[in-house]
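Subject: Structure handover

Hello,

I am passing on the structure we spoke about. Please look through it first; my notes on what was found follow below.

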Amino acid sequence: MAALNEIKNELEGSTVQAISHHGMMFAMIRLSSSVESLSSKLKSTDQRVMDALSEMKAMLETMYVLTGGSTCEPGWTLFRSKCYLFSDDKLNWHEARDYCRSQNASLVKLETKDEWALIRPRAASNSYWIGLTDEDTGQWRWADGTPYVMNKDDWEVGQPDDWKNHGLGEEGEDCGHLKAAGKFNDAHCSNSMKYICKA
Ligand SMILES: [Ca+2]
C-alpha cells in the first residue's frame, strides 16, 4: 500500500503536460507489478482496492496516449508533443542559440496561445532569451529564419526601442527576450540571461 500511495501521490502531483514519458513508463511498470502481486492476495478480500488500482492503471495509459508517446530528454518539459528546456544557466543570445542547436533544438519560437500559457508563468520571475533577433536585416525574425509579424501587444510598452546607451558597443538592442509578465523586450545580444530551447 505504501508503494501504491507513492505512485498515486506522484500522479496527483503531475499534469499530462508535465509528466515525463520516462516517468510515466516507470510508473506504469511499477504499477503493473504491484497489481499483479496484489491480485492473487486480494482478489476475494478487497475488490475496492483492485478497482482503484485498475482506475489508476487506466489513467496512466490515457496520459501515455495523450502525450503521443513522445519523449523528452531529462530536464526538458513535454508540452503538446514538443520539448522545452528552461535553462538554469545564463548565456549571451548567440551562445544560447548555438547551445539549443547543439541539442537539435532552437531558441524558442512562440507560435500558439497554448505555448504562451505554458511559458508566461515560468518567465514570471526571470528573463529568458527567446529566438527573436533583428540583427541581420533590421526586421525581427525567429532564429529559424521565419519572419516575426510585429504585434505590439507582445512587447512591453515602448519596446522594442533599440536602446543604444548601454555602453556595450555601438549597435543597439538586436535580440529579443521575455521579461517578467511575459512580455518581450529587445536587449543587447551580449547580455547573459537564461534561455528557452524548443525541440
Ligand atoms: Ca529594449
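Met56 is buried, with a relative accessible area of 10%; buried means under 20%, exposed over 50%, and partly exposed in between, with a 1.4 Å probe and protein chains only. Met56 belongs to helix α3, which covers residues 47–66. In sequence Met56 and Lys8 are 48 residues apart, while their C-alpha atoms are 7.7 Å apart in space.

A word on the basis of these notes. The model is predicted, so local features need pLDDT of at least 70 and side-chain atom pairs count only at pLDDT 80 or more, whereas totals for chains, interfaces and linings use all residues. Residues are numbered from 1 along each chain as its sequence is written, and side-chain values use heavy atoms, with hydrogens and water left out.

Overall layout

The protein has five helices and eight strands. Both are DSSP runs numbered from the N terminus: helices are H or I with at least four residues, strands are E with at least two. The order from the N terminus is α-α-α-β-β-α-β-α-β-β-β-β-β. Of the 199 residues, 41% count as buried. Contact here means heavy atoms within 4.5 Å. Taking contacts between residues at least 6 apart in sequence, 67% join residues at least 24 apart.

The β6–β7 hairpin

Strand β6 (residues 175–179) pairs with β7 in the antiparallel sense over five bridges; two strands pair if DSSP finds at least two bridges between them. The two strands form a hairpin with three residues between them, and Ala181 in the turn has a positive phi of about 80 degrees. Strand β7 (residues 183–187) is mostly covered, with four of its five residues buried.

His177 lies in strand β6 and stands opposite Asn185 in β7. His177 is buried, at a relative accessible area of 4%.

A nonpolar core is a set of buried Ala, Val, Leu, Ile, Met, Phe, Trp, Tyr and Cys residues joined through side-chain atoms within 4.5 Å. The largest one has 19 residues, and Ile119 and Phe184 have the most contacts inside it. The elements giving two or more residues to this core are β2 (82–86), α5 (113–122) and β4 (128–133). A second, separate core of 18 residues includes Leu78, Trp93, Cys189 and Tyr195. Phe184 also touches residues such as Leu110, Asp154, Glu156, Gln159 and His177, again not counting residues up to four places away in sequence.

Aromatic rings

Which residues do ring pairs link into a cluster? They are Trp116, Trp140, Trp142, Tyr148, Trp155 and Phe184. Rings of Phe, Tyr and Trp (its six-membered ring) pair if their centres lie within 6.5 Å; planes under 30 degrees apart count as stacked, over 60 as edge-to-face and the rest as tilted. A search of the whole structure finds nine aromatic pairs. The rings of Trp142 and Tyr148 have centres 5.7 Å apart and planes at 85 degrees, so this pair is edge-to-face. Both Trp142 and Tyr148 are buried.

There is also a charge over a ring: the charged end of Arg122 sits 3.9 Å from the centre of the Phe86 ring. The criterion is NZ of Lys or CZ of Arg within 6 Å of the ring centre and within 35 degrees of the ring normal.

Salt bridges

Side chains of opposite charge can pair when their charged atoms come close. A salt bridge is counted when a side-chain nitrogen of Lys or Arg is within 4 Å of a carboxyl oxygen of Asp or Glu. Eight of them turn up in a search of the whole structure.

- Arg97 and Asp98 meet at 3.1 Å, N to O; Asp98 is partly exposed, at 38% relative accessibility.
- Lys109 and Glu111 meet at 3.8 Å, N to O; Lys109 is buried, with a relative accessible area of 19%.
- Lys164 and Asp162 have their closest N and O atoms 3.0 Å apart; Lys164 is partly exposed at 47%, and Asp162 is partly exposed at 28%.

Salt bridges also link Lys109, Glu111, Glu115, Asp144 and Lys198 in a network.

Regards
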